[in-house]
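I opened my notebook on a structure that is new to me. Here is what I looked up, in the order I went.

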Amino acid sequence: MSEMQTIQWFPGHMTKTKRQIQASLKLVDAVAEIIDARIPVSSRNPDLNQLVLNKPRVILLNKCDMANQTATKMWIDHYAKQGITAIAVDCKSGKNLNKIPAAVNTVMKEKIDRLKAKGMVNPTIRMMIVGIPNVGKSSFINRIAKQNRAKVEDRPGVTRGNQWFTISKNLEMLDTPGVLWPRFDNKTVGEHLAFTGAVKDQVVDTELLAVRLLDFLKGLKPQAFIERFKLSDIDPDNTDSYELLQIIGKKRGMLVSGGEIDTERAAVMLLDEFRAAKLGRITLEMPGTVFEKE
Ligand code: G4P
């Protein structure tokens, strides 16, 4: 588990993070916001607009290998209608990472044109990565770093210790991502973050979370668990989700002495398999999803 995942957000920490990000923002021209393609609403930071103000931005819908392809296309169209450039990427395989330079060039067009008009040939654009914990920031940076072993030298005026990686000929990336906090004011957002593993299990009751996941899947896509756990003889609408968890545990032979079903183990297994997309490529939130404050 990376250190970032264990961060507990509290007001003092948020203020410090804000300051660090604001300092890094001064060094860059553009921002790449990484979100989880399965939960594009819940995995966005609520204060990002205010933080980056008018810096050009691209959205990277990461983990697209685990999201529903049609839903991801709908999200990209949805952002496009708002004038936002978004790309579906997969940092595990590296899919679509080569589309980033063109996307950054698009959002930076005005500035690049201005610099060119001033006589600058092929101006270099610098960007940074931001996102909430677990969306794949380190995976992204590691991938880029591996592909571009030669780091760019520290430059005058750039804080010592910062390193830059070349993504393409005229695009450089800061090696340190901005780690942002997720929303805290909505129970559904919290659940979606927990279902996908963005919030770790120490802070939530595993059995309860598994039951809530089954409740959610009953509404969205019951075939996902029916097929995975071979439950074709069960009517999901008329089966209580805790009972469903027991049936799943039994199917997998998860018994404790005395023949009782180990629902705790079944819950861990269900969540692990869901998070690894073994129940299929599932997008939990569609364009238009709005979670009110609670
Ligand atoms: P962070 O820096 O934003 O906190 O996220 P990080 O890169 O640590 O990624 C969090 C988890 O998500 C890691 O899994 C990572 O492998 C996985 N991940 C990142 N990008 C993708 C992607 O595009 N597709 C898929 N399927 N997974 C992705 P982990 O289980 O915590 O670590 P590990 O087992 O991979 O080491």
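The model is predicted, so to speak of local features I need pLDDT of at least 70, and side-chain atom pairs count only at pLDDT 80 or more, whereas totals for chains, interfaces and linings use all residues. Residues are numbered from 1 along each chain as its sequence is written, and side-chain values use heavy atoms, with hydrogens and water left out.

**Entry: the ligand**

The side chain of Ser139 has an N or O atom 2.6 Å from a ligand oxygen. For Asn62, an N or O atom of the side chain is 3.0 Å from an oxygen of the ligand. Asp65 places a polar side-chain atom 2.8 Å from a ligand nitrogen. On its own the ligand has 710 Å² of accessible area, and the protein covers 70% of this (Shrake-Rupley method, 1.4 Å probe).

Next I asked which residues surround the ligand. There are 17, and Asp65, Asn134, Lys137, Ser138 and Ser139 come nearest (a residue is near if one of its heavy atoms lies within 4 Å). I sorted this shell by class and found 6 nonpolar, 6 polar and 5 charged residues (Ala, Val, Leu, Ile, Met, Phe, Trp, Tyr, Cys and Pro count as nonpolar, Asp, Glu, Lys and Arg as charged, and the others, Gly among them, as polar). Helix α6, residues 137–147, gives the largest share, 3 residues (helices are DSSP runs of H or I, at least four residues, numbered from the N terminus).

**Entry: helix packing**

How do α10 and α11 cross? The axes of α10 (residues 241–251) and α11 (residues 263–275) come within 9 Å and cross at roughly 90 degrees (axes are lines fitted to C-alpha atoms over the stretch in contact, and angles run from 0 to 180 degrees between N-to-C directions). That makes α10 roughly perpendicular to α11 (65 to 115 degrees). Among the residues in contact are Tyr242 and Leu245 of α10 and Ala266 and Leu270 of α11 (contact means heavy atoms within 4.5 Å). This contact divides into 7 nonpolar, 3 polar and no charged residues.

I then noted that α8 (residues 206–220) packs with α10 at about 105 degrees, their axes 9 Å apart.

Technical notes:
A polar contact is a pair of N or O atoms within 3.5 Å; within protein, one must be able to donate a hydrogen and the other to accept it, and residues adjacent in sequence count only if both atoms are side-chain atoms. Helices (H or I, at least four residues) and strands (E, at least two) are DSSP runs, numbered from the N terminus. Angles under 35 degrees count as roughly parallel, over 145 as roughly antiparallel, 65 to 115 as roughly perpendicular and the rest as oblique.
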